[in-house]
Amino acid sequence: MNLEKLREIREVSLQDQQQVLSEGNIKITICMSTSGIAAGAREVKKTLLREIAERDIKQVVVAQTGEKGLQTFEPVIIVEEKDKPRVMYGNVTPEIMTTIIVEHILNGQPVKRFLWTGEDADKIEGQEHPFFEKQVKLVLSNCGEIDPESIDEYIGAGGYQALGKALSSMTPDEVIEEITNAGLRGRGGAGFSTGLKWSFTRKATGDTKYIICNADEGDPGAFMDRSVLEGDPHAVLEGMLIAGYAIGAREGIVYTRAEYPLAIHRLEIAIKQAQKFGLLGENIFESGFSFTIEIRQGAGAFVCGEETALIASIEGERGMPRIRPPFPAQSGLWGKPTNINNVETFANVRHIIIHGAEWYRNMGTPKSPGTKVFALAGKIKNSGLIEVPMGMPLRDVIFTVGGGMKTDKPFKAVQMGGPSGGCIPASLLDTIVDYDSINQTGAIMGSGGMVVMDSSTCMVDVAKFFLNFTQNESCGKCTFCRIGTNRMLEILTRITEGKGKMEDLDILMELSKKIKTTSLCGLGQTAPNPVLTTLKYFREEYIAHIQDKRCPAGVCKALITFKIDAEKCVGCTACARKCPVNCISGEVKKPHVINQDACIKCGSCYDTCKFNAITKS
Amino acid sequence: MLKNKKQIDEVIYKFIGKKGPLIPLLQEIQSLEGYLSKETMRYVADKSGIHLAKIYGVATFYSMFQLKPQGKHIVRICKGTACHVAGANIISDTLCNELGLKEGEESSEDGLFTVMEVACLGCCGLAPAMMIDKDVHGKLTPEKTRLVIHEIRQAEGASHES
Ligand SMILES: Cc1cc2nc3c(=O)[nH]c(=O)nc-3n(C[C@H](O)[C@H](O)[C@H](O)COP(=O)(O)O)c2cc1C
């Protein structure tokens, strides 16, 4: 491979794409990400292919991409024609697919009622919706646009240009300088300067050095890295290659969760293609630089996202963190200097090399330049994958890009940073997204999970949920992290059962402080954050559980009971038939009763009853 | 006697001499055997020269390794944040009730299902979700959950009333 060849491949690829969209042709793209497939994208694709064959439609080209970002609206398909707006359909079923083929493809009439933006959308081009308009896509620029299983399409979209530029016209030190000047901060959570980290590993002595890509993504509520790997795997490989050149490594490893089979599959394809094109292997771009990349699968331990635990896991040990220093930059994998970065960090690299540090700094805030990818989830309308410039207020992220609340229940809090983070209340919605501002709230930027909560979420229950998680995932090395989190969980459980005391709140504070100061790694150091932030912003909710034995959100099972009002019940049996655990009994046309011992408090009966005969207290 | 002895030997030979082989080695053996029995772990220790204590240590540290026989279908209930706030607990209660699982039990009596909880399936937009074998089922309600199980039972020909 050399620059000339890369240019040729790019031209051919661009011509091919033009061909696809030439006069009279129609391109239909299906988003085939894990969530798309979970929502039924495979069945939709089957229907599409069958219809095309049966109706003998010639002018349609079918393509696949990764995640477009609209998880709530999956399966998503996009119809494109030359000089016409792109039409984006959401919640497509096989039946809807057939309708689209008849009405749109054959009769040329876009089917408004199936647009993802809804029937009333004034424009059929979903791309102009605020969901897309307010985003700045850098890391996600190819996700949902190109076929992730095609290296030609990646090159067509400008891929491997940055690698070519770095290898043929920049020294390793110049590469590091560019990344440092760009102010890129690690997207894995801590926000450490990537350029600085690279320079440490470059300066470390030793012939053998390693690059590791951290794709362990264990935070519940986070799927950014998976989406990038599924939607644009070459961008991650290109970032790793540039890092390898900069620090003087020959070997790279992607450490990924085994729970991500599709991401692993696409990564394997990408590695094979890059090898075939001479972009991995010996003497890349005729520069004398050689590099290989292999994949290692994790085995299900959250703590292995921590860099020293990750290294132990690759070495075949129990994934327990160790004391730093020595940092991995000095002594990492097999005792050799090792540079670990997150998936999204690597995916940023190529843009900085191509456009330069100054261009990059134009986005975001002075201390947190660039963009950030977030996984929006919870009680929000547009759940999915988004990328916004740093500095955007949370309010805009949630209410403009995210489309606001899913139901008419009001916003209560947004959880950021997963088990290491915290809950940010409505009063702080003007906080901007950058590392330092989010830290001030007591939450952390984290890797990018954002779970929106409404009035039906109990904040004590959320704190208990995260403590349960960290308590389970603690590797057990540090006493306070192992036992302290357990004690905190016991207290929180007591409170949610209405058995808490006011002193418990002080004990929670004290334990939090101790766990934070006596734990070796980030897991323990941040484990109390969900409790601390909810105690800070939602203390009255704790007090309601303790003093009034009441769960204001109506979530904590021990504190709610469903009862049937015998006077109102007409014995229609609707509730009994709906009950998932068959705990409602009674004769037809006679009042029914709920067996309180078996009731799981799911509320199905409450929602089903047409006679308001069921009370919740 | 181990039934996949020959394949297990092949896996062990493949990894011998490699750096840090234990986790991928156990992953491959588990995919052959379904789980890691005491007998299997002993056998691997004898053949590979890796201490049994180390094998056991690794097998018990990582949640993917199973030390008990598994049901024919593995149900992974997502306990991620988005699923939690969308009522994942109600889904798991429904499931346990449907499969007749008592507190602490994981596998149904008929050997068809093993239920486990996972931290996050990453399909937060489809919450609450569960994965059965390789398929994700999203936007679950108690009713839909029961239906999915019924369908699998029917496909298995086991008309099993709960
Ligand atoms: C308990 C724990 C879990 C972590 N999980 C991840 C993870 O899943 N992905 C990740 O990139 N970083 C994770 N980190 C952060 C890594 O230790 C490390 O800082 C990061 O991979 C460095 O990459 P970056 O500088 O590009 O962010 C975790 C840290 C801790 C303490």
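This is a predicted model: local features need pLDDT of at least 70, side-chain atom pairs count only at pLDDT 80 or more; totals for chains, interfaces and linings use all residues.
Visitor: How many helices and strands does the secondary structure of chain B come to?

Guide: Chain B comes to seven helices and four strands. Along the principal axes, its C-alpha atoms fill a box of roughly 50 × 35 × 25 Å.

Visitor: Let's turn to chain A. What makes β11 and β13 of chain A edge strands?

Guide: The order of this open sheet of five strands is β11-β10-β14-β12-β13 (chain A), with mixed pairing. Both β11 (384-389) and β13 (422-425) have a single partner strand, so one side of each is left without a neighbour in the sheet. From one strand to the next, the twist averages 30°.

Visitor: How do you know that strand β10 of chain A and β11(A) pair?

Guide: Pairing calls for at least two bridges. Strand β10 (residues 371-378) of chain A and β11(A) have six bridges, in the antiparallel sense, so they count as a pair. Across from A:F374 you will find A:I386 in β11(A).

Visitor: Which helix packs on that sheet?

Guide: That is helix α16 (residues 394-401) of chain A. Its contacts are with β10, β11, β12 (411-416), β13 and β14 (449-454) of chain A, and its direction makes about 110° with that of β12(A).

Visitor: And the other sheet: why is one side of β7 and of β9 of chain A left without a neighbour?

Guide: Here too, five strands form an open sheet with mixed pairing, in the order β7-β8-β6-β5-β9 (chain A). β7 (281-284) and β9 stand at the edges with a single partner strand each, so one side of each has no neighbour in the sheet. Ignoring direction, neighbouring strands are turned by 25° against each other on average.

Visitor: In what sense do strands β6 and β8 of chain A pair?

Guide: Strand β6 (residues 251-256) and strand β8 (residues 289-297) of chain A pair in the parallel sense over six bridges, and the requirement is at least two. A:Y255 stands opposite A:R296 in β8(A). Helix α11 (residues 233-247) of chain A packs on this sheet, touching β5 (210-215), β6, β7, β8 and β9, with its direction at about 125° to that of β8(A). Helix α14 (residues 343-355) of chain A also packs there, touching β5 and β9 at about 90° to the direction of β9(A).

Visitor: What angle and distance describe the packing of helix α10 and helix α12 of chain A?

Guide: Helix α10 (residues 224-231) and helix α12 (residues 261-276) of chain A pack at about 35°, and their axes are 8 Å apart.

Visitor: Why is the way α10(A) passes α12(A) called a left-handed crossing?

Guide: The name calls for the near helix to be turned anticlockwise from the far one by less than a right angle. α10(A) passes α12(A) in such a left-handed crossing.

Visitor: Which residues meet there?

Guide: From α10(A) come A:R226, A:L229 and A:E230, and from α12(A) come A:L262, A:A263, A:R266 and A:L267. They divide into four nonpolar, no polar and three charged.

Visitor: Which peptide bond has omega near 0°?

Guide: The one from A:P325 to A:P326, which is cis. A:P326 belongs to the loop between α13 (307-314) and β9 (338-342) of chain A. In chain B, a cis peptide bond with omega about -10° joins B:A127 and B:P128, and B:P128 is in the loop between β2 (113-118) and β3 (130-132).

Note on methods:
Residues are numbered from 1 along each chain as its sequence is written. Chains are lettered from A and ligands numbered from 1 in the order in which they are written. Side-chain values use heavy atoms; hydrogens and water are left out. Helices (H or I, at least four residues) and strands (E, at least two) are DSSP runs, numbered from the N terminus. Axes are lines fitted to C-alpha atoms, for helices over the stretch in contact, and angles run from 0 to 180 degrees between N-to-C directions. Contact means heavy atoms within 4.5 Å. Ala, Val, Leu, Ile, Met, Phe, Trp, Tyr, Cys and Pro count as nonpolar, Asp, Glu, Lys and Arg as charged, and the others, Gly among them, as polar.
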